[in-house]
Amino acid sequence: MLTGVGGNNLHTNLLHADSAINKSVGRISSGKRINRASEDPAGSAMLSAFDSQSRALAQLMSNQQSQASVLQTASSSLTTTSNILQGINSLALQASNGTLTESDRAMIQQQINQLSSQINMSASQSQYNGQNLLDGSFSTTLQNGEKFAIDAMTANALGLNNLSVATPNEAMSASELAKSALSKVVSTQSSLGAVLNGISSNIANLGNQYMNAVSAQSQIGDVDMANEIMNLTLSKMQSQASLKVYKMNEDTRSNVLNLLKE
């Protein structure tokens, strides 16, 4: 027959086994190795630090992606402006032909005026989140702390106001002005491309840091399912064994008491 101390030990073992079962069930259901700070204070602190780091990195990536979207919108609008300028140049070169009549030149002039209006329309309609991008008011601070601004891309800013093709000489001058404006637009697009490449590189770098932080967080906090299921099985076996021994103990004590009564 087990002594009182033995019975207490059995009861304690049963409580420990049930506690281990509850922990294993909690870990398996949540997928997390640490569900309370008391389970692993050091690990919990590390998880908190990595979580804070990953959240900050995710926000930085979001900021960079928003900035890239702004510049991509501006670049797309500049492509439209570039195409319009090529059209103006072609018309101006056409008007430089000395065999054209005044009526021919008047029709070409009308087309050039319409294209110049389209440049202004493109500049006024190029916006992102309420910000005008091509009217000369846009500037942003890059990841390295430098400021980046986009010059105004209106017809007036590009020197295209009052283009005239009334004579072959004026038409040639108009062509030169269109080419000069096109060169300015292409230069601005090139600058935008360089900045976008830098932003893409930053995003990739931040992405790597983010994945490292998330991976470290996973290694510390995620449960090893196979190992935890094994622990759960062992804890259940221990609990069942303790119950059987405890029952055997009670049966033995009962039999002894019955014998004494006889």
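Analyst: Happy to! Read along the sequence, the protein follows the pattern α-α-α-β-β-β-β-α-α, which comes to five helices and four strands. Please keep in mind that this is a predicted model.

User: How do you know which element has the highest confidence and which the lowest?

Analyst: The mean pLDDT of each element tells us: helix 3 has the highest, at 94, and helix 5 (residues 225-261) has the lowest, at 58. The protein as a whole averages 81, and 68% of the residues score at least 70.

User: What makes arginine 55 and aspartate 51 a salt bridge?

Analyst: The cut-off is a side-chain nitrogen of Lys or Arg within 4 Å of a carboxyl oxygen of Asp or Glu. Between the side chains of arginine 55 and aspartate 51 the N to O distance is 2.9 Å, so the pair meets that definition. As for their placing, these two residues are four apart in helix 2 (residues 41-95), which separates them by about one helical turn.

User: Is arginine 55 buried or exposed, and what is aspartate 51 called?

Analyst: Exposed means over 50% relative accessible area, and partly exposed runs from there down to the 20% limit for buried. Arginine 55 has 59%, so it is exposed. Aspartate 51 has 26% and therefore counts as partly exposed.

User: How many salt bridges does the structure hold?

Analyst: The structure holds two. Lysine 179 and glutamate 176 also meet in a salt bridge, with 3.1 Å from N to O; that is within 4 Å, so the name applies. Both residues lie in helix 4 (residues 168-221), three residues apart, or about one turn of the helix. Lysine 179, at 40% relative accessibility, is partly exposed, and glutamate 176, at 45%, is partly exposed too.

User: Why is serine 122 called buried?

Analyst: Buried means under 20% relative accessible area. Serine 122 has 12%, so it counts as buried. Serine 122 is found in helix 3, and, leaving out residues up to four places away in sequence, it touches Ser77, Thr80, Thr81 and Leu134.

User: Which other residues of helix 3 are buried?

Analyst: Besides Ser122, the buried residues of helix 3 are Arg105, Ile108, Gln109, Ile112, Leu115, Ser116, Ile119 and Ala123. For the protein overall, 32% of its 262 residues count as buried.

User: What makes glutamine 111 partly exposed?

Analyst: Glutamine 111, placed in helix 3, has a relative accessible area of 37%. Glutamine 111 and leucine 91 are 20 residues apart in sequence, with 8.0 Å from C-alpha to C-alpha.

User: How do you know that the span of helix 3 is close to what is expected?

Analyst: Helix 3 has 24 residues and reaches 34 Å from its first C-alpha to its last. At 1.5 Å a residue, the expected value is 34 Å, and the span is close to it.

User: Which residues touch the most other members of the largest nonpolar core?

Analyst: Leu85 and Ile88 do, in a core of 39 residues. Helix 2, helix 3 (102-125) and helix 4 are the elements that give two or more residues to this core. Leaving aside neighbours within four places in sequence, leucine 85 is in contact with Ile119, Leu158, Leu160, Ala178, Ala181, Leu182 and Val185.

User: Where is asparagine 129, and why is it called exposed?

Analyst: Asparagine 129 sits in the loop between strand 1 (127-128) and strand 2 (131-132). Its relative accessibility is 75%, so asparagine 129 counts as exposed. Its phi is near 55°, a positive value in a residue other than glycine.

Notes
Residues numbered from 1 in each chain as written. Predicted model: local features only at pLDDT ≥ 70, side-chain atom pairs only at ≥ 80, totals over all residues. Heavy atoms only, no water. Buried < 20%, exposed > 50% of the residue type's maximum accessible area, 1.4 Å probe, protein only. Core = buried A, V, L, I, M, F, W, Y, C linked by side-chain atoms within 4.5 Å. Contact = heavy atoms within 4.5 Å. Expected span 1.5 Å × (residues − 1). pLDDT = per-residue confidence, 0-100.
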